[in-house]
Amino acid sequence: MEIIGATLEELEEFIISFGQPRYRAQQIMEWLYQKGVTDFKEMTNLPENFRKELRRAGLSSSVLSIEGAREAKDGTKKYLFRLQDGMNIEAVYIPEEKRKTVCFSTQVGCAIGCAFCATGQKGFHRNLTAGEIVDQVRRIGSDRKTRISNAVAMGQGEPLANYDETLRAIKLLNADYGLGIAARHLTISTSGVVPAIYRLAEEELQINLALSLHAAQDGLRSELIPLNRTYPLATLMKSCKSYTQKTNRRITLEYIMIKGVNDGQEDLKSLSDLAGGWLCHVNLIPYNPVPDLPYQASGDQTLQHFLNTLRSKGVAASIRQERGAEVKAACGQLSSQFSSLA
Ligand code: SF4
């Protein structure tokens, strides 16, 4: 059993099966999430015999180890984690004045294969468990000795292709006995898994949903994000609008600006048509070059032109300041290739 991925109720049931009182579960949760402890040995208010029993039962109070980390001048720090089966994943810590954000992974690799993405070039290996997802955020908070205020499923993998474990992790990140991150500070970013968007709308969560749009015409979007062939824009937009109607939560449309690919006048017109008249916000993101891929970032003037035009048409829009590009910790740059960062 992964204690780090268990809910309080599950842990209580488990603790009782050891002949221990129910409140021990709450004590363990405090050690795990408030104190960031990774070994039962350190849980000093538990009886020593019980701690030994937990260890003997082969239970995990942490399911990953920090293999390496690199920090950018702006404080952004990229972590390489080793999972118990020897696979690697990455997560990123992004400190800002008012918030401390972790961008976490939900899969080892990714099957979506987006043309511009470092992870997409490596293929899919497996889904992460809820424990492996939550532990990334917990371990980074402990390492930085800070309370993590925001967490985004924007690292490696397509979160909605690992729906059950991602949702369980989101609930643990949000729970009072877990990391206690406010639901409105939790974000899932998807490339557009339509059935999962409908399912998510039914969950009655106050979390944020971001869609990796990146192109507002089917031909180009299918080239950039192959999943668009399965769920083309008309189908995808229908699911997004239904989501906003059901939840009354706006969707963020992420649009990575790639020079000469999706930053022309036609692209801008398609984008403003697609984003106009419903509850969404366009986030324009300068592309971060990935070694061996042919793409470059659009210029500042082009970004500004997109921003001004969208706003003039009544579309809510902003430009995201990228953090951590120097340690390849920015969007689309996570690839478990720490050696290439040297
Ligand atoms: S951008 Fe996201 S969905 Fe696309 S390949 Fe990369 S990790 Fe997967």
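In which loop does N248 lie? N248 lies in the loop between α8 and β10 (251-257). Helices here are DSSP runs of H or I with at least four residues, strands are runs of E with at least two, and both are numbered from the N terminus.

Good morning. The model before us is predicted, so local features need pLDDT of at least 70 and side-chain atom pairs count only at pLDDT 80 or more, while totals for chains, interfaces and linings use all residues. Residues are numbered from 1 along each chain as its sequence is written, and side-chain values use heavy atoms, with hydrogens and water left out.

Let us stay with the backbone for a moment. Most residues other than glycine have a negative phi. N248, although not a glycine, has a positive phi of about 60°. N248 counts as exposed because its relative accessibility is 63%; exposed means over 50% relative accessible area, buried under 20%, and partly exposed in between, with a 1.4 Å probe and protein chains only. H214 also has a positive phi, near 65°, and is likewise a residue other than glycine. H214 sits in the loop between β9 and α7 (218-224), and with a relative accessible area of 3% it is buried.

I turn now to a pair of helices. The axes of helix α6 (residues 194-201) and helix α8 (residues 233-247) come within 9 Å and cross at roughly 5°. The axes are lines fitted to C-alpha atoms, for helices over the stretch in contact, and the angles run from 0 to 180 degrees between N-to-C directions. The crossing angle therefore makes α6 roughly parallel to α8. Under 35 degrees counts as roughly parallel, over 145 as roughly antiparallel, 65 to 115 as roughly perpendicular, and the rest as oblique. Contact means heavy atoms within 4.5 Å. On the α6 side, the contact is made by V194, I197, Y198, L200 and A201; on the α8 side, the residues include T235, L236, K238 and S239. By class, the residues of this contact divide into eight nonpolar, four polar and two charged. Here Ala, Val, Leu, Ile, Met, Phe, Trp, Tyr, Cys and Pro count as nonpolar, Asp, Glu, Lys and Arg as charged, and the others, Gly among them, as polar.

Next, the charged pairs. How many salt bridges does the structure hold? The structure holds 16, where a salt bridge is a side-chain nitrogen of Lys or Arg within 4 Å of a carboxyl oxygen of Asp or Glu. In one of them, K171 pairs with E203, and the closest N and O atoms are 3.8 Å apart. This pair links distant parts of the chain: K171 is in helix α5 (residues 163-174), and E203, 32 residues apart from it, is in the loop between α6 and β9 (208-212). K171 is partly exposed because its relative accessibility is 43%, and E203 is partly exposed at 26%. Another salt bridge joins R126 and E132 at 2.9 Å, N to O, and E132 is buried, with 5% relative accessibility.

Finally, the ligand. The residues around the ligand are C110, I112, G113, C114, C117, G120 and G157, each having a heavy atom within 4 Å of it. This shell has four nonpolar, three polar and no charged residues. One of the shell residues, G157, is also among the residues that Q107 touches. Q107 is in strand β5 (residues 107-109) and is buried at 3% relative accessibility.

Technical notes
Lists of a residue's contacts leave out its neighbours within four places in sequence.
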